[in-house]
Amino acid sequence: MSHGPRSGLTAVSSALLAMSRHLEVRDVLKTIVASARELLDAQYAALGVPDDHGGFAQFVVDGVSDEQWKAIGPLPRQHGILAAMLHEAAPERLGDVRKDPRFGGWPSAHPDLIDFLGLPIRDGDEVIGALFLANKNCPKPEGTCGFTQDDEELLGILAQHAAIALTNARLYERSRELTIAEERSRLAHELHDAVSQKLFSLRLTAQAAAALVDRDPARAKGELHQVATLAAEAADELRAAVVELRPAALEEDGLVATLRTQIQVLDRAHTARVTFTGRGVKALPAAQEEAMLRVAQEALHNALRHSGAEHVDVTLHRRGTATVLRVTDDGGGFDPRTVRRAGRHLGLVSMRDRANGTGGRLTVRSAPGEGTTIEMEVPGG
């Protein structure tokens with residue numbers, strides 16, 4: 001953050017745009033706090049999201065180093081001035097927070113706060129957080145508050161937009177959780193089908209071997225070798241299920257590793273050959289990686305379930321300053337002129353929405369009998 005104040009509509013606009021740019025709740029909280037501290041030129045800023053047990057589910061600070069924050073200790077409780085803002089849902093502007101009768105002290109490592117401005121963040125009638133600023137960077141005559149009525153009004157505008165940004169981020173995370181749950185359920189179903197087929201073949205082969213043991217030991221031996229092969233393949237499918245369905249694969253492994261793992265599973269689960277190549281791609285912002293993974297999964301689902309393809313190829317690579325995902329199949333294809341009808345059937349609308357939502361674009365190339373190529377390009381990487 002810069003060290004001097006920023007004023008006027010440009011500064012307000014910059015702060016609001018910064019808040020709307022993020023989809024992860026933690027990122028939104030950090031951006032709100034940093035924007036408020038810079039906009040009002042305060043030494044410290046904090047934002048607390050209350051839990052249902054008298055504490056804070058999340059508490060983000062700006063102006064305090066990581067070392068200081070660790071030394072301060074556990075998150076604060078909802079008491080004193082913090083409680084007043086959360087429970088009375090009213091702004092607080094104080095010349096010296098230490099002289100307020102509700103002041104309850106702070107840990108020894110806590111920075112010294114003097115003038116104080118705090119506002120609740122509200123979503124309708126619900127208080128979803130509280131925004132605090134302290135120690136405005138300006139001369140302070142004895143006993144007066146560095147924060148003005150104008151500061152309070154400006155922070156109020158910021159708090160209103162912070163409520164929208166925070167609510168949107170929560171809805172996004174909830175939507176993503178549901179998407180992940182649906183995707184894991186779909187993968188589990190596909191893996192179940194694949195393993196069931198392997199086990200059914202294993203059972204028939206074992207029965208054939210048993211029937212041949214007495215009259216044709218040589219053939220029985222061959223069948224038993226096939227049993228061993230099928231059992232190994234079934235074990236591989238089960239191991240893949242454990243790997244594939246574990247939570248947070250994208251966050252832990254990154255886009256390239258997650259795509260490679262999922263495509264290996266699909267290659268084993270389907271008769272079509274499914275291949276993946278990823279080269280020269282660096283980590284992308286979480287929202288872009290999430291969108292690219294979902295587009296790849298949707299395109300793979302279409303190719304494997306509807307196109308009749310024998311080979312599906314997925315690539316992830318750099319193109320100039322952009323990252324490109326391409327899913328190509330040699331299946332039946334379709335006429336792009338009927339894209340409106342096909343779009344509903346093949347999920348093209350949702351794929352385009354995901355691409356557009358992360359600053360990217362989606363391109364679809366297809367023709368009857370000539371397969372389909374779906375390409376998503378996003379900036380960066």
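Q: Two strands pair if DSSP finds at least two bridges between them. How do you know that β1 and β5 pair?
A: Ala42 stands opposite Lys136 in β5. This is a predicted model: local features need pLDDT of at least 70, side-chain atom pairs need 80 or more, and totals for chains, interfaces and linings use all residues. Residues are numbered from 1 along each chain as its sequence is written, and side-chain values use heavy atoms, without hydrogens or water.

Q: What joins β1 to β2, and what lies between them?
A: Six bridges join them in the antiparallel sense. Val49 has Gln58 in β2 as its bridge partner. Five residues sit between the two strands, which form a hairpin. In the turn, Gly54 has a positive phi of about 85°.

Q: Why is β1 called largely enclosed?
A: Buried means under 20% relative accessible area (exposed is over 50%, partly exposed in between; 1.4 Å probe, protein chains only). Seven of the nine residues of β1 are buried, so the rest of the structure largely encloses it.

Q: Which residues of α4 are buried, and what covers them?
A: Ile81, Leu82, Ala83, Ala84, Met85 and Leu86 are buried. Their cover includes β1, β2, β3, β4 and β5. Just after α4, Ala89 takes a positive phi of about 55°.

Q: What makes a space a pocket?
A: On a 1 Å grid over the protein atoms alone, a pocket is an open set of points with protein on both sides within 12 Å along at least five of seven lines. In a cavity, a 1.4 Å probe fits but cannot get out. Lining residues have an atom within 4 Å of a point. Points join across faces, edges and corners, and volume is the space filled by probe spheres set on them. The largest pocket has about 590 Å³. Of its 29 lining residues, the closest to the centre are Phe59, Leu82, Trp106, His110 and Leu113.

Q: Why are β6 and β9 called edge strands?
A: Five strands form an open, mixed sheet in the order β6-β7-β8-β10-β9. β6 and β9 each pair on one side only, so they are its edges.

Definitions and conventions. Helices (H or I, at least four residues) and strands (E, at least two) are DSSP runs, numbered from the N terminus. Contact means heavy atoms within 4.5 Å.
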